[in-house]
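Please consider the structure shown below.

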Amino acid sequence: MLGRSQSTFNNYSRHVAAVSLHFGKIPTELDPEQIHDYLFYLQKKSKSPSQSYFKHTVYGLRFLLKSEGLS
């Protein structure tokens with residue numbers, strides 16, 4: 001699976017789905033400013049020092065964009 005485990009793909013999918021639900025459309029339809037604003041929102045929303053949710057969102061979006069040939 002492209003050097004990634006099934007659990008990694010599941011994590012990516014969950015985080016990309018959260019972005020889709022937030023905006024009501026798929027992430028590939030968003031402009032870079034919307035993505036930036038969402039990532040800023042995630043950083044401000046988190047009350048814990050753990051950045052794993054943020055990182056998984058970034059990695060999931062990066063994987064999606066690369067797989068779609070948009071990055």
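A residue is called buried if its relative accessible area is under 20%, exposed if that area is over 50%, and partly exposed in between, with a 1.4 Å probe and protein chains only. The model is predicted, and for that reason local features need pLDDT of at least 70 and side-chain atom pairs count only at pLDDT 80 or more, whereas totals for chains, interfaces and linings use all residues. Residues are numbered from 1 along each chain as its sequence is written, and side-chain values use heavy atoms, with hydrogens and water left out.

Helices are DSSP runs (H or I, at least four residues), numbered from the N terminus, and strands are runs of E of at least two residues. The description begins with Phe-23, which lies in helix 1. Phe-23 counts as partly exposed because its relative accessibility is 25%. Contact here means heavy atoms within 4.5 Å. Apart from neighbours within four places in sequence, Phe-23 is in contact with Leu-30, Gln-34 and Tyr-38. Phe-23 and Tyr-38 are 15 residues apart along the chain, and their C-alpha atoms are separated by 9.1 Å.

These contacts lead to the packing of the helices. Two packed helices are described by the angle between their axes and the distance between the axes. Axes are lines fitted to C-alpha atoms, for helices over the stretch in contact, and the angles run from 0 to 180 degrees between N-to-C directions. Angles under 35 degrees count as roughly parallel, over 145 as roughly antiparallel, 65 to 115 as roughly perpendicular and the rest as oblique.

The axes of helix 1 and helix 2 cross at roughly 105° and come within 12 Å. Helix 1 is therefore roughly perpendicular to helix 2. On the side of helix 1 the contact is made by Ala-18, Val-19, His-22 and Phe-23, and on the side of helix 2 by Gln-34, Tyr-38 and Tyr-41. For the classes, Ala, Val, Leu, Ile, Met, Phe, Trp, Tyr, Cys and Pro count as nonpolar, Asp, Glu, Lys and Arg as charged, and the others, Gly among them, as polar. The contact of helix 1 with helix 2 has 5 nonpolar residues, 2 polar residues and no charged residues.

How do helix 1 and helix 3 pack? Their angle is about 90°, and their axes are 8 Å apart. These two helices, too, are therefore roughly perpendicular to each other. Helix 1 contributes Phe-9, Asn-11, Tyr-12, His-15, Val-16, Ala-18 and Val-19 to the contact, while the residues from helix 3 include Tyr-53, His-56, Thr-57 and Phe-63. By class, the contact of helix 1 with helix 3 has 10 nonpolar, 5 polar and no charged residues.

His-15 is located in helix 1 and counts as buried, at 8% relative accessibility. Beyond its neighbours within four places in sequence, His-15 is in contact with Tyr-53, His-56 and Thr-57.

Rings of Phe, Tyr and Trp (its six-membered ring) pair if their centres lie within 6.5 Å; planes under 30 degrees apart count as stacked, over 60 as edge-to-face and the rest as tilted. By this rule there are 4 aromatic pairs. The pair of Phe-9 and Phe-63 is edge-to-face, because the planes stand at 75°, with the ring centres 5.2 Å apart. Phe-9 lies in helix 1 (residues 6–23) and Phe-63 in helix 3, so the pair ties together parts that are 54 residues apart in sequence. Phe-9 is buried at 16% relative accessibility, and Phe-63 is buried at 18%. Tyr-38 and Tyr-41 form a tilted pair, with 5.9 Å between centres and 40° between the planes. Both tyrosines lie in helix 2 (residues 32–45), 3 residues apart, about one turn of the helix. Tyr-38 is buried, with a relative accessible area of 5%, whereas Tyr-41 is partly exposed, with 37%. Ring pairs also link Phe-9, Tyr-12 and Phe-63 into a cluster.

Two further residues complete the account. Ser-20 is placed in helix 1 and is buried, with a relative accessible area of 18%. Not counting residues up to four places away in sequence, Ser-20 touches Lys-25, Ile-26 and Pro-27. Arg-62 is placed in helix 3 (residues 52–67) and is partly exposed, with a relative accessible area of 43%.
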